[in-house]
Structures are given as C-alpha cells and as structure tokens.
Amino acid sequence: MTPRTTANSFLLGALAAIILWGNQTSGTLAAEKNPSGMTAVVTTVTINGTPKVVFDLITTARLWPQWHPATKGVGGVVERPYGLGELIHERGLIGDKDFSTTWKVVEHVRPSKIVLQSQNAPTRITYTFTPGKGTTLFTRKLEYKADSFAAVKELEKVMHDQSEQGVKQLKALVERILSEEKKPLT
C-alpha cells in the first residue's frame, strides 16, 4: 500500500466516523426506496443508559402506546421483554386510518438487535442498539410497502413524522423510567 493509498483510506475512515458521530444525537434520514420496493425510514436517538437496560425497556411492548404516536393498544407478550418467535398484537392509527397487525420477533440478539415482522403486511421494524459511554445509540428502521397503506394521505410524511416523534418520546420515557429507578425509596 502506497502512502497516498494509506492517506486516502485514513481520510475515508475519518469521514465515515464523522458522519456516524454526527448521527449520535437524534435525527431521521429521509424515506428511501430499496430494490425490493420497500420504503425505509431510519430514525436515531442517543439514550442515556446502557444497551442491556435500554434494550429491555424498548422491547417491553406495554410501553409502546406511551412513546409511539401510531400505537393505541397492544396485546400478546407485553409485560416483559419479548423474545424470538413471540407475538405482539398492535392496533393503532397511521394518519387518519386505523390498523391492526401482529408482529413476530424474527431476530433477537440481546442487547444489540431485534427485528419485528408484521404477519399482516409487508412491514418490518429493526431496532439496533449501539453502546456509547453510558449511553445507547438507538436506531429504528421501519420498512414498508407503500401500496399496503394506499389509503393514507401523504404516507411518507406521516411515517417520517410519526417515527421522528416516536423516538423523541421514547428517549424521554426511557430516561424518565431509569431516573425513577435510581431514586431512593422514602
């Protein structure tokens, strides 16, 4: 490897690190279509807490209605972190349209990744948890086929807005729960 190639490799690596570091706070990438025809909305937020604790709270479905604006109710495995193969029943509202679905946990790697696949529509949600110094970078990737939600006006905007609002509310909820757990009993 020549010195120039080494320098170029270093610069590319540094640029990638800067881009990744810049995404450490919160934000949403614009909806993008992938080759399978699925649209993806990727949202990130940094949560104060370790990945194991954050993972367990986020994968407890009874909390979903408290943080995600689309979720109005849940059933199935909701009182504890869900595991591989388990089902969560969700009913909610996307834009002004009611929905209900059953999510199946199709991938579960505690505390770094979980994948939920809708049993009713071509929709998938992937959560990833990246450790920091006392923090967790949480990434939520929603993948869906737009034609499954044809009745929803301004679908991409609604999906983006609900995802962005959801991760902000999730951060606040998880950090509040963790701070309450640290308070001494009086």
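Me: Is Glu79 buried or exposed in this predicted model?
Reply: Happy to start there! This structure is a predicted model, and in it Glu79 has a relative accessible area of 59%. The cut-off for exposed is over 50%. Glu79 therefore counts as exposed.

Me: Which residue forms a salt bridge with Glu79?
Reply: Side chains of opposite charge can pair when their charged atoms come close. For Glu79, the closest N and O atoms of the pair are 3.4 Å apart, and a salt bridge needs a distance within 4 Å. The partner is Arg62.

Me: How many residues apart in sequence are the parts that Glu79 and Arg62 tie together?
Reply: Glu79 lies in the loop between strand S3 (71-76) and strand S4 (87-94). Arg62 lies in the loop between H2 and helix H3 (64-67). The pair ties together parts whose separation in sequence is 17 residues.

Me: How many salt bridges does the count come to?
Reply: The pair Glu79 and Arg62 forms a salt bridge, and so does the pair Asp56 and Arg110, with closest N and O atoms 2.8 Å apart. The count for the model comes to 9.

Me: Where in the chain is Arg110, which pairs with Asp56?
Reply: Good one to look up in the structure! Asp56 sits in helix H2 (residues 51-58), and its partner is 54 residues apart from it, so to speak in a distant part of the chain. Arg110 is found in the loop between strand S5 (97-109) and strand S6 (113-118).

Me: Is Glu143 buried or exposed?
Reply: Glu143 forms a salt bridge with Lys141, the closest N and O atoms being 3.9 Å apart. Lys141 is partly exposed at 31% relative accessible area. Glu143 has a value of 12%, and the cut-off for buried is under 20%. Glu143 is therefore buried.

Me: How many of the residues of strand S8 are buried?
Reply: Strand S8 covers residues 135-144 and is mostly covered. Strand S2 (residues 39-48) pairs with S8 in the antiparallel sense over 10 bridges, and strand S7 (residues 123-131) pairs with S8 in the antiparallel sense over 9 bridges. Of the 10 residues in S8, the buried number is 9.

Me: Which residue stands opposite Lys141 in S8?
Reply: We can follow the pairing across S8. With S2 and S8 paired, Thr46 stands opposite Leu137. S7 and S8 are also paired, and the residue opposite Lys141 is Thr126.

Me: Which residue in the turn between S7 and S8 has a positive phi?
Reply: S7 and S8 form a hairpin with 3 residues between them. In that turn, the positive phi of about 75 degrees belongs to Gly134.

Note on methods
Residues are numbered from 1 along each chain as its sequence is written. This is a predicted model: local features need pLDDT of at least 70, side-chain atom pairs count only at pLDDT 80 or more; totals for chains, interfaces and linings use all residues. Side-chain values use heavy atoms; hydrogens and water are left out. A salt bridge is a side-chain nitrogen of Lys or Arg within 4 Å of a carboxyl oxygen of Asp or Glu. Helices (H or I, at least four residues) and strands (E, at least two) are DSSP runs, numbered from the N terminus. Buried means under 20% relative accessible area, exposed over 50%, partly exposed in between (1.4 Å probe, protein chains only). Two strands pair if DSSP finds at least two bridges between them.
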